[in-house]
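Here is a friendly note to read with the model open beside you. Take the points in order, and find each residue on screen as you go.

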Amino acid sequence: QMTNSLAWGRGSIIVDGGVISVLVIIGVAIGASVAIEAFAALNLIGFGALAGLVGGLANVREMAPLVAGIAFASQAGCRMTAEIGSMRIADEIDAVEAMGLRSIPFVVGTRLVGATMCIIPGFILALITSFFVSSTVIRVFHHQPGGTYNHYFVQFLPATDIFYSLIKATVFCVAVTLIHCYYGYFASGGPVGVGRASGRAVRASFVAIMVLDFMLTVLLWGL
């Protein structure tokens, strides 16, 4: 149930559509943005069709994992902090402990497992969407040869890069989940305290994503 809630949301697709819908929309935006900027820069020297190398390199290594982590923090992370914070101020967590259950595995563990199961297929779907949109922008709107684009796209997109990119997105997801669950678990001060905890969790998760991104990039690809 937790995985389904995180993936697909509980209500309207626009207001609360879950992580999957957000990642797909982000994939469209990132794919189009990377294609437009890459073409604009390379076309100055007559190499517009080589924009595929930017889509296969920068998009996979940096842009997609970063944006996925930020989107997850903004969408699912805030929800986790608000839910757990509401449970804390309503004494629901104390009630769980009174029943003899360990509250951290019950409250945090389920969300951590659900988030991990959600981000992996969601991120892969977002990557595929961004690849398709980038190719469409270059070939259809800028009238560049598809063969040249696909050639350089494949040449600069080894399978290991996709695997490493998935590792980065998963690490970001785990870090965001732990940070937001921590702030929600120790929230206090009523509804106002829950709101403050959500804001602090978002700021902390954004900083953590940037630091982890630099560390993982150096670790996986080197300086």
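1. Let us begin with a term. A salt bridge is a side-chain nitrogen of Lys or Arg within 4 Å of a carboxyl oxygen of Asp or Glu. Side chains of opposite charge can pair when their charged atoms come close. By this rule the count comes to 5 salt bridges.

2. A word on the source. This is a predicted model, in which local features need pLDDT of at least 70 and side-chain atom pairs count only at pLDDT 80 or more, while totals for chains, interfaces and linings use all residues. Residues are numbered from 1 along each chain as its sequence is written, and side-chain values use heavy atoms, with hydrogens and water left out.

3. Start with Asp161 and Arg61, whose side chains meet in a salt bridge at 3.0 Å, N to O. Asp161 lies in helix H8 (residues 159–185) and Arg61 in helix H4, so this pair ties together parts that are 100 residues apart in sequence. Helices here are DSSP runs of H or I with at least four residues, numbered from the N terminus. Asp161 counts as buried at 2%, and Arg61 as partly exposed at 26%.

4. Next, look at Glu83 and Arg111, which form a salt bridge with 3.1 Å from N to O. Glu83 belongs to helix H4 and Arg111 to helix H6, so the pair ties together parts that are 28 residues apart in sequence. Both Glu83 and Arg111 are buried.

5. Now turn to Asp213 and Lys168. The closest N and O atoms of this salt bridge are 2.7 Å apart. Asp213 sits in helix H9 and Lys168 in helix H8, so the pair ties together parts that are 45 residues apart in sequence. Asp213 is buried, with a relative accessible area of 8%, and Lys168 is buried at 0%. Salt bridges that share partners join Glu62, Lys168 and Asp213 into one network.

6. Just after H9, Gly222 takes a positive phi of about 85°.

7. Helix H9 also holds Phe214, which counts as exposed at 56% relative accessibility. Together, Val207, Val211, Phe214, Met215 and Leu223 make a nonpolar surface patch of about 600 Å². Patches are made of residues with over 30% relative accessible area and no salt bridge; like charges are joined within 9 Å, and nonpolar side chains (Val, Leu, Ile, Met, Phe, Trp, Tyr) within 5 Å. The areas come from the Shrake-Rupley method with a 1.4 Å probe, and for residues only the protein chains shown count as cover.

8. On to the rings. Rings of Phe, Tyr and Trp (its six-membered ring) pair if their centres lie within 6.5 Å; planes under 30 degrees apart count as stacked, over 60 as edge-to-face and the rest as tilted. A search of the whole structure finds 7 aromatic pairs. In one of them, Phe131 and Phe153 have ring centres 5.0 Å apart and planes at 75°, so the pair is edge-to-face. This pair links distant parts of the chain, with Phe131 in helix H6 and Phe153 in helix H7, 22 residues apart. Phe131 is buried at 17%, and Phe153 is buried at 13%.

9. Finally, two loops deserve a look. Most residues other than glycine have a negative phi. Asp91, however, has a positive phi near 65°; this residue lies in the loop between helix H4 (52–89) and helix H5 (92–98) and is partly exposed at 46%. His143 has a positive phi of about 55° although it is not a glycine. His143 is found in the loop between helix H6 (103–141) and helix H7 (146–155), and is exposed at 65%.

How values were computed:
Buried < 20%, exposed > 50% of the residue type's maximum accessible area, 1.4 Å probe, protein only.
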